[in-house]
Amino acid sequence: ERQQVLVEWNDTAAEFPADTCIHHAFEQQVARTPDAPALGFEDSWLSYRELDARSNQLAHHLRSLGVGPEVRVGLAAERSLELVVGLFAILKAGGAYVPLDPSYPRERLEGMLEDARPAVLLAQPALLARLPEAPGASVVHLALNDESLRGLPTHPPTSLSTSDTLAYVLFTSGSTGRPKGVQVPHRTVSNFFSGMDSFVLRPEHRVWLAVTRLSFDISVLELLWTLARGFRVVLQPETLSPSWLPQAVRLHSVTHLQCTPSLARALLLDSDSADALRSLQQMLVGGEALSAELARELRLRVPSVLNMYGPTETTVWSSCFPVPAHPSALIPLGRPISNTSLYVLDSHLLPLPLGVAGELFIGGAGVVRGYLSRPELTAERFLPDPFSSSPGARLYRTGDKARRLADGSLEFLGRLDFQVKVRGFRIELGEIETTLELHPLVRQAVVVARED
């Protein structure tokens with residue numbers, strides 16, 4: 001049984017381009033389909049060639065400002081064509097992007113900038129007034145038709161990145177009241193890309209509707225993997241209209257959609273959803289628990305539904321469960337993706353038998369560097385992997401409670417700490433409690449997430 005839970009069910013070894021960076025994979029796709037539509041926003045489209053050329057021009061400019069390996073660049077942009085141009089430009093210059101969501105409170109952004117210390121702040125001009133100052137950072141305006149870039153080369157700058165170079169830093173909620181920056185190198189993303197190749201359908205006609213903000217790591221799949229795999233990506237504008245999702249799916253004949261169960265349920269509640277979903281061939285659902293009832297409803301309308309699981313610290317998704325046509329009363333987390341190991345361990349880090357609940361640990365090629373400027377927290381959450389023969393291998397302690405089912409898949413049983421998910425948003429209740437206790441009239445605070 002030990003052999004089964006440790007080895008057989010984690011037998012996921014697979015070849016992947018370990019020396020390839022994110023932007024290299026995109027450039028390879030540009031060479032394959034230069035004139036195909038790549039990215040659309042409202043009524044504007046960029047072909048793969050145009051997206052590459054504009055990203056290259058901006059990359060040359062960023063390189064002239066000193067952007068290169070291990071240099072962090074703050075990126076503040078609403079969903080737009082400029083957003084994706086900025087993403088690839090930072091990566092092509094050799095830097096690492098740090099999303100700065102303009103909808104965040106100013107105090108939160110200040111903490112993120114203090115930790116990230118970006119050398120450059122790349123932002124849409126209209127957003128600069130909403131951002132705190134970034135001491136020592138050069139400010140670059142992010143505009144699609146920037147005349148100052150017209151004379152710069154449209155070919156990629158000489159690549160300085162390796163697969164071990166930092167690709168991005170994403171800030172997640174922190175239990176102490178301070179967000180923590182997760183450092184993700186190119187190598188772990190490259191493995192994730194290969195892992196998704198095994199699960200995501202790639203028909204000849206493929207349109208992906210991107211609905212996620214850049215501050216969430218599933219945007220890595222929506223905006224980077226898709227464009228490295230020849231999808232036509234439609235960026236959904238920021239909107240509060242409840243009917244926007246079925247309208248967008250219908251308008252663009254969308255074939256692929258990734259969202260939280262909460263958003264999927266909202267889509268089903270729309271009176272025209274049956275018609276809107278007709279073009280959908282696959283839905284990836286994750287970020288919070290997927291109920292059997294919702295899974296059944298989705299499978300009645302969509303040929304392929306994937307239940308995804310994974311924390312930011314192990315590079316987007318770590319496991320996948322293809323939902324059958326007639327799902328049972330339990331939707332498990334599924335099996336690990338390629339080069340990934342899932343372990344259910346007790347408090348002594350010893351493996352637990354089938355059906356016994358313990359903490360879920362994740363190992364393999366998706367485990368990231370750790371937290372930015374937080375060595376104590378990194379040491380607490382990233383541990384040496386006692387089950388791996390690879391030098392320096394580590395396990396990430398998820399804080400999720402789980403147990404093994406008879407077929408080797410995993411059942412999610414909740415959290416072991418005070419982290420909760422609200423509509424897919426990862427929230428540490430301690431962060432809210434810390435903020436409340438800063439008020440002079442509040443001596444003590446306890447926060448709970450209510451479902452009613």
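User: Which residues of helix 3 meet helix 4 in this predicted model, and which residues of helix 4 do they meet?
Analyst: Happy to walk through it; the model here is predicted. From helix 3 come Leu51, Asp52, Arg54, Ser55, Asn56, Leu58, Ala59, Leu62 and Arg63. Their partners in helix 4 are Val84, Val85, Gly86, Phe88, Ala89, Ile90, Lys92 and Ala93.

User: How do the residues of that contact of helix 3 with helix 4 divide into nonpolar, polar and charged?
Analyst: Leu51 and Val84 are among the residues that meet here. Taking both helices into account, the contact of helix 3 with helix 4 divides into ten nonpolar, three polar and four charged residues.

User: What is the handedness of the crossing of helix 3 and helix 4, and of helix 2 and helix 4?
Analyst: Let's take the pairs in turn. For helix 3 and helix 4, the crossing is right-handed. For helix 2 and helix 4, the crossing is left-handed.

User: Which residues make the contact between helix 2 and helix 4?
Analyst: On the side of helix 4, the contact uses Phe88, Leu91 and Lys92. These meet residues of helix 2, namely Ile22, His23, Phe26 and Glu27.

User: How are helix 2 and helix 4 oriented to each other?
Analyst: Helix 2 covers residues 22-32 and helix 4 covers residues 81-93, with their axes 9 Å apart. They pack at an angle of about 115°. Helix 2 and helix 4 are therefore roughly perpendicular.

User: Is Gln29 buried or exposed?
Analyst: Gln29 is found in helix 2. Leaving out residues up to four places away in sequence, Gln29 touches Tyr48, Leu227, Ala228, Arg229 and Gly230. Its relative accessibility is 6%, and because the cut-off is under 20%, Gln29 counts as buried.

User: And is Glu107 buried or exposed?
Analyst: Glu107 has its place in helix 5, which runs over residues 106-116. With a relative accessibility of 60%, Glu107 counts as exposed.

User: What separates the C-alpha atoms of Glu107 and Ala96?
Analyst: Along the chain, Glu107 and Ala96 are eleven residues apart.

How values were computed: Residues are numbered from 1 along each chain as its sequence is written. This is a predicted model: local features need pLDDT of at least 70, side-chain atom pairs count only at pLDDT 80 or more; totals for chains, interfaces and linings use all residues. Side-chain values use heavy atoms; hydrogens and water are left out. Axes are lines fitted to C-alpha atoms, for helices over the stretch in contact, and angles run from 0 to 180 degrees between N-to-C directions. Helices (H or I, at least four residues) and strands (E, at least two) are DSSP runs, numbered from the N terminus. Angles under 35 degrees count as roughly parallel, over 145 as roughly antiparallel, 65 to 115 as roughly perpendicular and the rest as oblique. A crossing is left-handed if the near helix is turned anticlockwise from the far one by less than a right angle, and right-handed if clockwise. Contact means heavy atoms within 4.5 Å. Buried means under 20% relative accessible area, exposed over 50%, partly exposed in between (1.4 Å probe, protein chains only). Ala, Val, Leu, Ile, Met, Phe, Trp, Tyr, Cys and Pro count as nonpolar, Asp, Glu, Lys and Arg as charged, and the others, Gly among them, as polar.
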